[in-house]
Amino acid sequence: MWRLKIGERPSNPLLRSPNGFFGREVWEFDPAAGTPEERAEVERLRREYTRNRFTHRECSDLLMRMQEIKFIATQTMTTNIIESTHLSKANLNTDFMKILCALNRYTKQNLHSTNLPSIKIDNDSEATGETILAVLRRALSQFSSLQGPDGHWPGGYSGILFILPLMIFALHVTRSLHEVLSIEHIHEICRYIYNIQNEDGGWGTHTLGPSSMFGTCVNYATLRILGEVLDGENDALSKGRAWILSHGTATAAPQWAKIYLSVVGAYDWSGNNAIIPELWMLPHFLPIHPGRFWCFCRMVYMPMAYIYGKKFVGPITPTILAIRNEIYNIPYNEIDWNKARNSCAKEDLIYRRSWLQSVALAYLNNFVEPLSNLWPMNKLRERAMSNLMEHIHYEDENSNYVGLCPINKVLNMICCWIEKPNSHEFRQHLPRIHDFLWIAEDGMKSKVYVGCQSWETALIVQAFCSTGLTEEFCSTLQKAHQFLQNAQITEDIPNYKSYYRERTKGSWTLSNGENVWAIADTNAEALKAILLLSDIPSELVGNTIKQERLYDAIDCLLSFVNKDGTLSSAECKRTTSWVEFINPSESFRNIIVDYPYPECTSSLIQVLILFRDKCPMYRREEIDKIIKSGASFIEKVQRKDGSWYGSWAVCFTYATFFGIKGLADAGRTYQNSLPIRKACNFLLSKQLATGGWGESYLSCQTEEYVDSGRPHAVQTAQAMLALLYAGQVEQDPAPLYRAAKELINMQMENGEFPQQEIVGNFNSSLFFNYPNFRNLFPIWALGEFRRRLLAKKS
């Protein structure tokens with residue numbers, strides 16, 4: 001069986017961590033683990049997922065839940081079992097097997113149960129304070145049992161389908177596939193890719209999406225590289241190949257897929273648009289210097305530029321030769337690569353190039369790139385390539401070989417191999433591959449980031465605090481508090497301005513701090529959680545953060561604020577919006593500029609107001625100005641229908657929750673704010689007849705609200721929270737009672753809320769799962785509703 005190891009110190013000397021691997025999640029296969037009954041249960045869960053995969057795409061992380069609940073049960077019941085079997089601690093060695101048998105009986109009986117009865121409300125009744133309290137206790141008890149030993153909540157932060165193939169491609173071309181991945185890894189990776197194949201034979205770029213040339217080409221090639229055979233018995237591969245050939249062949253793949261396939265040797269480099277390494281040699285003051293791009297864009301295109309400059313191709317094995325024959329409808333050596341260069345399947349075309357961009361690319365391809373390989377321009381190319389590798393090594397060293405994201409981490413790994421195969425720098429990349437792999441009943445996949453530990457833990461703390469049950473669940477909060485303090489970055493990385501980085505001292509990353517990439521709104525939400533916990537006695541939730549580190553956090557957060565008082569996703573906005581015209585990718589939009597966002601700005605406003613109440617004299621004038629400017633920005637970007645467009649989750653529901661919360665904290669109310677009233681009217685107009693809300697991920701793509709037609713627990717909770725913060729209880733509580741009833745009836749037997757359609761969003765085109773949103777937001781909404789009902793009653 002597979003075992004999830006959390007925060008364990010590895011024995012591999014190539015691994016290093018600034019915080020002792022706190023929060024690190026790694027799955028390992030243990031052939032001796034598990035009882036026969038547990039192994040049979042795992043296989044049953046796998047079969048059930050596969051049987052229902054076309055109607056329920058997102059898995060429920062049941063393998064992790066089995067392990068976590070068993071771990072908690074083992075810890076909490078050991079003492080009782082020792083007492084019930086009349087053993088003393090001195091007898092533990094001689095009677096160990098007797099204890100294990102008793103523990104096994106206990107865990108089988110309690111794996112999916114709580115001591116509190118399930119509650120359902122019939123059509124003629126409504127939610128009461130007592131009912132909500134009982135539901136909250138069930139939810140909090142079960143959710144606490146899923147907390148990891150280091151204080152965060154693990155989960156499969158996944159859903160994007162072109163990350164895992166790049167990892168496999170990188171391991172293949174660096175001849176390290178079987179060094180890093182065991183037979184069990186490969187088996188589970190293949191299981192996952194087959195499971196998320198669409199009914200038409202293709203694969204999407206994300207689990208919810210229709211088939212695309214990007215997703216189909218790279219996942220098909222991954223299966224073949226992993227040893228799957230295209231023959232009459234493998235219907236899935238045959239259907240995948242048929243989809244590719246019937247939709248224009250791999251010559252119609254978008255830019256990123258062309259680069260992926262070029263690296264493994266299944267597409268010719270001459271069929272790629274130029275990615276000029278010399279761009280990094282331009283003066284930094286120019287708006288088009290890559291150092292001014294959004295960090296996710298520049299950190300991905302940096303290694304892409306190096307790989308393109310080298311035109312690197314991995315070993316041409318018989319499998320690669322076979323793939324060449326399988327994904328094109330004419331012989332490989334007869335393909336017109338110049339024509340293929342600008343070909344893109346309609347299924348992948350999200351960002352259509354302008355005529356100006358087409359002219360610029362033609363100039364780069366036909367003049368700049370050929371000249372760069374001739375003397376004396378080739379000397380500049382050599383300097384540019386050396387400069388890129390200096391930046392790549394800086395990123396690797398300071399992110400502890402985790403990288404900003406899995407894409408740039410794996411591309412950097414390939415660059416290290418190109419520079420010097422089997423170098424020490426390359427080998428330090430290999431063990432970090434496991435940080436991104438996650439297994440569940442659907443198979444083994446890649447996380448979209450190394451994790452969202454700090455982000456979700458910060459939100460979970462706020463959810464727990466909303467319930468008024470902090471004393472009852474103080475041990476859970478104490479562990480979460482400790483995790484957030486341990487995850488804070490306490491030092492700046494060296495010489496960061498020379499490498500286009502921001503300050504890091506005092507910040508939080510999205511994950512556990514190991515990659516040392518501060519994320520602006522995570523900074524705000526983590527600090528907000530820390531400040532909320534400071535209101536609770538330390539004997540319940542642990543010691544409060546030291547004032548020096550509190551000020552470091554505020555100083556770091558303020559350094560991320562744009563000149564207009566807004567907050568972008570990771571760094572300050574560094575260039576103008578018109579630079580977006582050079583976006584080279586057909587599959588993603590808005591990737592050049594780190595724009596300000598209402599969700600991020602709302603988080604900024606909320607934490608600054610909370611901090612100002614605690615420390616009224618620290619940078620007061622600056623903070624007051626930012627709060628005022630931030631609130632004005634949120635009002636300015638509100639749409640005519642009263643909603644806000646969400647860029648980091650689905651979509652209008654999520655952003656409207658943040659928009660209302662930020663304005664409410666800044667002093668706007670239902671009575672004095674037209675934007676608040678418009679936002680409430682928007683949300684109420686989208687409430688379903690059942691009382692819930694359900695918004696489709698398609699809203700992000702169409703930029704108009706798309707009703708999914710069925711209630712979603714997370715979106716129902718977010719809409720409910722928005723209305724609560726807007727003062728809807730005082731205006732008309734009926735919609736909130738209906739929403740509360742919907743959430744209560746959605747609670748499952750084990751106390752959790754169901755895993756439904758994934759709600760994470762990235763660049764309006766990629767969708768993924770926040771694994772703990774399913775529980776934290778319903779808890780938060782019901783807790784806040786109960787608190788306000790009690791306040792109104794008193």
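Which residues does the domain assignment of the protein give to domain 1, domain 2 and domain 3? In this predicted model, domain 1 takes 131-146 + 640-793. Domain 2 covers 162-446. Domain 3 is made up of 452-562 + 597-637.

The pair formed by domain 1 and domain 2 was examined next. Their centres, taken over C-alpha atoms, are 38 Å apart. Domain 1 brings 10 residues to the contact, and domain 2 brings 10 residues. About 730 Å² is buried between domain 1 and domain 2, with 76% of that area from carbon and sulfur atoms. On the side of domain 1 that touches domain 2, 6 residues are nonpolar, 3 are polar and 1 is charged.

An unreviewed UniProt entry lists residues 137-439 as "domain: Squalene cyclase N-terminal". The chain over residues 137-439 is 53% helix and 1% strand. The end C-alpha atoms of this stretch lie 29 Å apart.

Two loops carry backbone features of note. Most residues other than glycine have a negative phi, and most peptide bonds are trans. Lys 311 is not a glycine, yet its phi is positive, at about 50°. Lys 311 sits in the loop between α11 (295-310) and α12 (318-326). The peptide bond from Trp 375 to Pro 376 is cis, and its omega is near 5°. Pro 376 belongs to the loop that lies between α14 (355-372) and α15 (377-398).

Terms used: Residues are numbered from 1 along each chain as its sequence is written. This is a predicted model: local features need pLDDT of at least 70, side-chain atom pairs count only at pLDDT 80 or more; totals for chains, interfaces and linings use all residues. Side-chain values use heavy atoms; hydrogens and water are left out. Domain bounds come from an automatic or database domain assignment. Contact means heavy atoms within 4.5 Å. Buried area is the accessible area (1.4 Å probe) that two parts lose on being put together, summed over both. Ala, Val, Leu, Ile, Met, Phe, Trp, Tyr, Cys and Pro count as nonpolar, Asp, Glu, Lys and Arg as charged, and the others, Gly among them, as polar. UniProt positions are given in the numbering used here, feature names are shortened, and annotations may be inferred rather than shown by experiment. Helices (H or I, at least four residues) and strands (E, at least two) are DSSP runs, numbered from the N terminus.
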